[in-house]
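Biologist: I am new to this structure and would like to go through it with you. Could you put it up for us?

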Amino acid sequence: MKEINKIYEHYFDIIDSYFGSIKNYLEDDKYSHIDLGMNIANYPLVSDLILDAIDDLGTEIMQFWPENSKTVLSLVKEQDSLKCVYSGDITPVILEDFVKKSLLYIDTVIIPDPILNLTILQSQIALDKKYYLSKLVRHVFNVWKLKDLALADIEKNALVILPINFNIVNEDDKNKLLLDAYKRFINYANDVFGQKFDNESDSLIFLGKYNDAKKLYSGIKQFNLLPNIFKKFDTFEEFLMHWIDEKRHFQLETKTVGWDFGEYLLSQFIRVQEHKFFCEKVSGEPIYDYDLPYFFFSYEMGGLDMDASIAIALQKEKFKWIANVPLPALKILREENKLEYMRSILRKGITDLKAKRDEDLLRTSEQLEKNLKEAFEEQEEEIASLEREVAVITKKEIPIQTAGSMVGFIPVIGNYISIPFAFRSILDLLNQRKEITQKIEDKKTDFINLLIKSYKEE
Amino acid sequence: MEFNYFNDAMKIYLDYISRQFKKNPGYMPHPLIRALTNAMQGIEAAKDGENVSGISFEGTENNIYEPYMVIVQKKKDGIEIKEILNVKVEKQIPIDVMIMIFRLQIHLDKINGGTVSPQQSVDALNEVIPGNKFYALGDKWKEARDKFAKLLNEGKIHLPPNDPKIEEFKQIDNNTPWENYPNRLRALIGGSTLKYFDKKAKIAITTPKNVRVEKYKVFDIAIEFLLGKISKHFKP
């Protein structure tokens, strides 16, 4: 077994030792980890027992990573593969779907360890206990569902869990990241609101003066610098109210609408710096499942390159049908070394330059859709053409099969033709039919066909 | 999703114990679990349908605390736990109390050693028994003593006629440290004045602040409060 897999076996053993007693309640459907989180948190008395019993999980995970992170990080970095580092919520809503979409194009999905991140979050803010338990169970089982894939014995690990959190960065790097984030935040806030502040406190104080969403919105000078959902007042206000509501949930103090908006922007620029830092650590690309964090990363980088753009564009709603692909098929795709072929299909017509210009991934996702449709049509046409060939051969075989006679079957290719030669021709035809039938079988069971099936299932 | 309270609570707690064993092979689980383990050991030799019991307790032979008896029955397709009994209060342990006992053990495990301070015992009890029912008198014992004396003078302490505790209290010098008060008197003073210190609390822990309390005695307080003779006075 590979060293990295041994480490992950240990990781999943830890999960099992803490949550094994409730795993029997995890159902088969996609949202079961979310339901389980809510049900366990609302389980009278037992939820309190679980909270007490797992109280030292944080300590255990804090011991696990220092012992293993160096090895895992260097093994992942050395792995010659296309890697993407996830940044979004603790884990994607449905990790399985996220992974399926991503692994169609990239070799390795890297996700932050949800246990570590929730432990750190819990230690920093007075997170409501039941809310914490619900989140913990939800995210732990989101990962647990992909245990087989994470431990699969394949050349390049498909799913990797790493300790990715701003708080574990060493002090020097952390200060540097914070300074960069403050700088970007001040510039952005200055540009958007037409100000000339030179420190983050002044920017926040300025924004803090807006105590009404309408006034804040009317203070915006450059709408073209905003993410799409901020460009209309309705969606801007809706986002703000949700953000403020979330803060209350985390028992964080809310001030004015403007201040909270400023804090949101600042948090996004810190997150971007953190994500950039960890992407560099493993030589990976960024990957998101939400438009907003993607917007800020893209803003920071002046657009993303082709690989990152394709990986992120695949997360768009229009590709939700990819989630119908069975998980083991992704292992087969790798075992048969067809990932490169898949990439070549998806990359058609997309270049680094085009991807960089495409700020909201619209064109990239449209091109991906076009590429996939073309590949599907090509595949279906190939199968149809092979089936036509078989039909022709079968037609030729009919005299033998039905009449059992050689008459009329001997091809007239010369004046002298022997019976053994005719037999050879029949045998050739039969072999040819067998080969083509096999090709059809292969085509029908290959990855593209699985995709076609998933696409049509939608 | 249909939960099984007993199974889930038991499995969660057994998982917790097995993690503690990994960290410390000398870890001693709660007597309820030890009694269950003892019963399980005897089950192998039993025939189908036969009951087997296991017993365990804390303290010493002369001073028994937390005595538990678990009765299990061997069945064709497994083992059924028939009864979990606290022998001291002579009552079966309901699931909610069992969960509170497990939680209390976990909270007390976090404190190193075999003893806790009175305040730590109150914190643990209040953590697992809803409603902040316990109060540690601690440094407020002088206030409590004076308040008690006042109530006594005002005729607001109602005890059976000729109760020796009244006379005993009157005999105690004002400079006597709390540690030298008889237990029963401390309990009387604490109980009579509790409402002036904490309106929600029902039980005053009057153990002097610097005295260490054996952890197993904390379980006794909990069981007495939840299932013992006094429990009927504190039903929610």
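Predicted model: local features only at pLDDT ≥ 70, side-chain atom pairs only at ≥ 80, totals over all residues.

Biologist: Understood. What does the secondary structure of chain B come to?

Modeller: Chain B has eight helices and eight strands. Its C-alpha atoms fill a box of roughly 70 × 40 × 40 Å along the principal axes.

Biologist: How is chain B divided into domains?

Modeller: There is domain 1, covering 5–113, and domain 2, covering 134–211. The C-alpha centres of these two domains of chain B lie 37 Å apart.

Biologist: What percentage of the residues in chain B is buried?

Modeller: Of the 236 residues in chain B, 32% are buried. As for contacts in chain B between residues at least 6 apart in sequence, 56% join residues at least 24 apart.

Biologist: Let us turn to the sheet. In what order do the four strands of the open sheet in chain B run?

Modeller: The order is 1-2-3-4, and the pairing is antiparallel.

Biologist: Which strands stand at the edges?

Modeller: Those are strand 1 (51–59) and strand 4 (91–92) of chain B. Each has a single partner strand, so one side of each is left without a neighbour in the sheet.

Biologist: And how many bridges join strand 1 and strand 2 of chain B?

Modeller: They pair over eight bridges, in the antiparallel sense, with strand 2 spanning residues 64–75. Within this pairing, B:Ser56 stands opposite B:Tyr68 in strand 2 of chain B.

Biologist: Which helix packs on the sheet?

Modeller: Helix 8 of chain B, residues 215–227, does so, touching strand 1, strand 2, strand 3 (78–86) and strand 4 of chain B. The direction of helix 8 makes about 70 degrees with that of strand 2 of chain B.

Biologist: Changing topic, how many residues does the contact take from chain A and from chain B?

Modeller: It takes 14 residues from chain A and 17 residues from chain B. On the side of chain A that touches chain B, helix 3 (residues 46–53) of chain A gives the most, with six residues. The residues of that side divide into eight nonpolar, four polar and two charged.

Biologist: Finally, which residues have the most contacts inside the largest nonpolar core?

Modeller: They are A:Val109, A:Ile110 and B:Ala222, in a core of 151 residues. Helix 13 (residues 257–281) of chain A supplies the largest share of this core, nine residues.

Biologist: What is A:Ile110 in contact with, leaving aside its neighbours within four places in sequence?

Modeller: Its contacts include A:Val76, A:Tyr86, A:Val160, A:Leu162 and A:Val282.

Notes: Residues numbered from 1 in each chain as written. Chains lettered and ligands numbered in written order. Helix = DSSP H or I, 4+ residues; strand = E, 2+ residues; numbered from the N terminus. Buried ≥ 20, exposed ≤ 12 C-beta atoms within 10 Å, placed from the backbone. Contact = placed C-beta atoms within 7 Å. Core = buried A, V, L, I, M, F, W, Y, C linked by C-beta atoms within 7 Å. Nonpolar A, V, L, I, M, F, W, Y, C, P; charged D, E, K, R; others polar. Pairing = 2+ DSSP bridges. Axes fitted to C-alpha atoms, helices over the stretch in contact; angles between N-to-C directions. Domains from an automatic or database assignment.
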